[in-house]
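Subject: Structure handover

Hello,

Please find the structure below, followed by notes on what came out of the analysis.

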Amino acid sequence: MKLTPLGSKPEEVLALAKKKNLRNINYDKSRGMQKTFYDGANQKEEFTGDSYIFAEIGRHYTFPIFMTVTNAYWAFDKTGHLIEIRVDKSQDGP
């Protein structure tokens with residue numbers, strides 16, 4: 001949050017992501033940041049903002065077969081100001 005405070009513009013976030021050499025940077029202007037959740041047995045989707053930036057901020061491997069990936073999402077409102085940041089960590093393995 002210190003590097004990309006709420007109210008930041010997409011250009012500032014993209015510049016930081018490139019400066020930090022983050023992977024898989026993507027700026028999606030067609031919709032907001034997606035959140036999938038379950039309401040009982042029903043899967044639901046919700047969108048935050050009108051656009052978002054995605055970047056992989058970290059990856060590490062645990063011997064012999066596990067990979068942990070950390071992703072960041074920055075959501076922007078219709079005026080192009082940062083309104084929310086989300087960080088997800090996932091682990092792949094057998």
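At a relative accessibility of 33%, Arg31 is classed as partly exposed, where buried stands for under 20% relative accessible area, exposed for over 50% and partly exposed for in between (1.4 Å probe, protein chains only). This is a predicted model, in which local features need pLDDT of at least 70 and side-chain atom pairs count only at pLDDT 80 or more, while totals for chains, interfaces and linings use all residues. Residues are numbered from 1 along each chain as its sequence is written, and side-chain values use heavy atoms, with hydrogens and water left out.

Arg31 is paired with Asp28 in a salt bridge, at 3.9 Å from N to O. The term stands for a side-chain nitrogen of Lys or Arg within 4 Å of a carboxyl oxygen of Asp or Glu. Asp28 is buried, at 15% relative accessible area.

Searching the whole structure gives five salt bridges. One of them joins Arg23 to Glu56, with 3.9 Å between the closest N and O atoms. This pair links distant parts of the chain, 33 residues apart: Arg23 belongs to strand β1 (residues 23-28) and Glu56 to strand β4 (residues 51-62). Helices (H or I, at least four residues) and strands (E, at least two) are DSSP runs, numbered from the N terminus. Of the two partners, Arg23 is partly exposed at 43% relative accessible area, whereas Glu56 is buried at 5%.

Lys44 and Asp39 form another salt bridge, at 3.1 Å from N to O. Both residues are partly exposed, Lys44 with a relative accessible area of 35% and Asp39 with 43%. Elsewhere, salt bridges with shared partners connect Arg23, Glu56 and Arg59 in one network.

Now the helix. Which residues of α1 are buried? In this helix (residues 10-19), they are Pro10, Val13, Leu14, Leu16 and Ala17. Seen down the axis of α1, the buried residues fall within an arc of 160°, so they line one face of the helix; the arc is taken over the directions from the helix axis to the C-beta atoms. These buried residues pack against β1, β4 and β5 (66-76), with contact meaning heavy atoms within 4.5 Å. On the face turned away from the buried side, α1 carries the exposed residues Glu11, Lys18 and Lys19. Just after α1, Asn21 has a positive phi of about 55°.

Regards
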